[in-house]
Amino acid sequence: MKKAMGIIFSNIYDSTLGQLTGQRTVASLPFGGRYRQVDFVLSNYSNSGIFKIGIITKYNYRSLMDHLGSCSDWDLNRKNEGVVFLPPFASGNTGIYKGKLEALYSAKHFIDNPDYEYVVVCDSTVLCNFNFRPAIIKHIESGSDVTCLATKCKKPTEKRNPLVMKTGRGHRVSEIRINALAEAGEYEGMGMFIFTREKLVEALEEQNSKGQVHLERDYLQRCFNEGTLKITVYPVEGVVLRNEDVPSFYANNMALLDKKVRDGLFAGEDPIYTKNRDEAPTYYCPGSSVKNCIVADGCVMEGETENSIYFRGVTVGKGSQVKDSIIMQGTKIGKNARLTCVILDKNVTVRDGAVLVGTPEHPLIVSKGETV
């Protein structure tokens, strides 16, 4: 297979995730007890043989750099390829990008490499276990300029998607709508695209000269409607989780308590890698009760908990009750506390006897390092 490089947007949807991305990029947002969102796309790249990867950053990316380190856990600490951070201003631009198209233009010096014929561009908010090799082969066979990875709707959706497509023969796109509700049989974009590199570089030059900044609206939809862009859809089946806002982030974490969802992400031939941390096993104290939870290592469980996600190093005090909640790394929950539908960010301290209650639609969030 001809060589492909990868591009990751690390800050897309930061504003819609509120307090959770106040001190980090959406790519470094913790998920599922021991992962960060960027782990999924990086693992997919590595498992697909894509080893030259650029991460486009905007701000608050120190935690992302700390998490990735040398990228050895993803087999990406390579002499001639590997991961490169692409911060704003690196290309000489005088402003921070406003959209994906402008962000790609700021990384044009990285993309314009004749050693690679294809560019796989991904958001870091869509989590799945996917090997790009078959999709790249289909892209080559189709002769298209762009292939959009997408899921097929079985029934009308209630939530708008940035890219909705109708297709005809050979999954060739026949209609594109932006920020629209999808009907049954239509395809919802996953924020994952395969570009022919030369075509992408030409487009970046042209669109920049016209002041265009948005990938889906200003390039894909407009050029498709003008008849100058050939686009196909590559249908993706299986588990696909979109963490685009707080309710979806909460719901998708809770979905991991379903074995079918867990298996869809983690039980395939290709593993999902993350930063390795050697910590002591979790200690379940006499009298504690843990039902239907995901619990990472290094925790101390003294109270009662049900239907919850625990990251590393969490302590639940004696007499406390935690239900339907997401508790991130290093959080300490005191004695006799009551927590329902809450998201506690890293290193939060919950005082003895505290009562915190949210709802699945509006989970209560406590920001990193706070005491409540």
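Which residue in β21 does T305 stand opposite? In this predicted model, T305 stands opposite V322. The two strands concerned are β18, which covers residues 304-306, and β21, which covers residues 321-323. They run parallel and are joined by three bridges.

Both strands belong to an open sheet of five strands, in the order β15-β18-β21-β24-β27, where the pairing is parallel. At the edges of this sheet lie β15 (289-291) and β27 (355-357), each of which pairs on one side only. From one strand to the next, the twist averages 5 degrees. In general, strands of a sheet pair through backbone hydrogen bonds, and the pairing is either parallel or antiparallel.

Within α6, the residues R197, L200, V201, A203, L204 and Q207 are buried. These residues lie on the same side of α6, because they cover an arc of only 160 degrees around the axis. On the other side of the helix, E198, E202 and S209 are exposed.

Several elements cover the buried residues of α6. Among them are the helices α3 (100-106), α4 (108-111) and α7 (215-226), together with the strands β6 (118-123) and β11 (187-196). Just after α6, the backbone at G211 takes a positive phi of about 75 degrees.

Conventions: Residues numbered from 1 in each chain as written. Predicted model: local features only at pLDDT ≥ 70, side-chain atom pairs only at ≥ 80, totals over all residues. Heavy atoms only, no water. Buried < 20%, exposed > 50% of the residue type's maximum accessible area, 1.4 Å probe, protein only. Helix = DSSP H or I, 4+ residues; strand = E, 2+ residues; numbered from the N terminus. Arc of directions from axis to C-beta. Contact = heavy atoms within 4.5 Å. Pairing = 2+ DSSP bridges. Axes fitted to C-alpha atoms, helices over the stretch in contact; angles between N-to-C directions.
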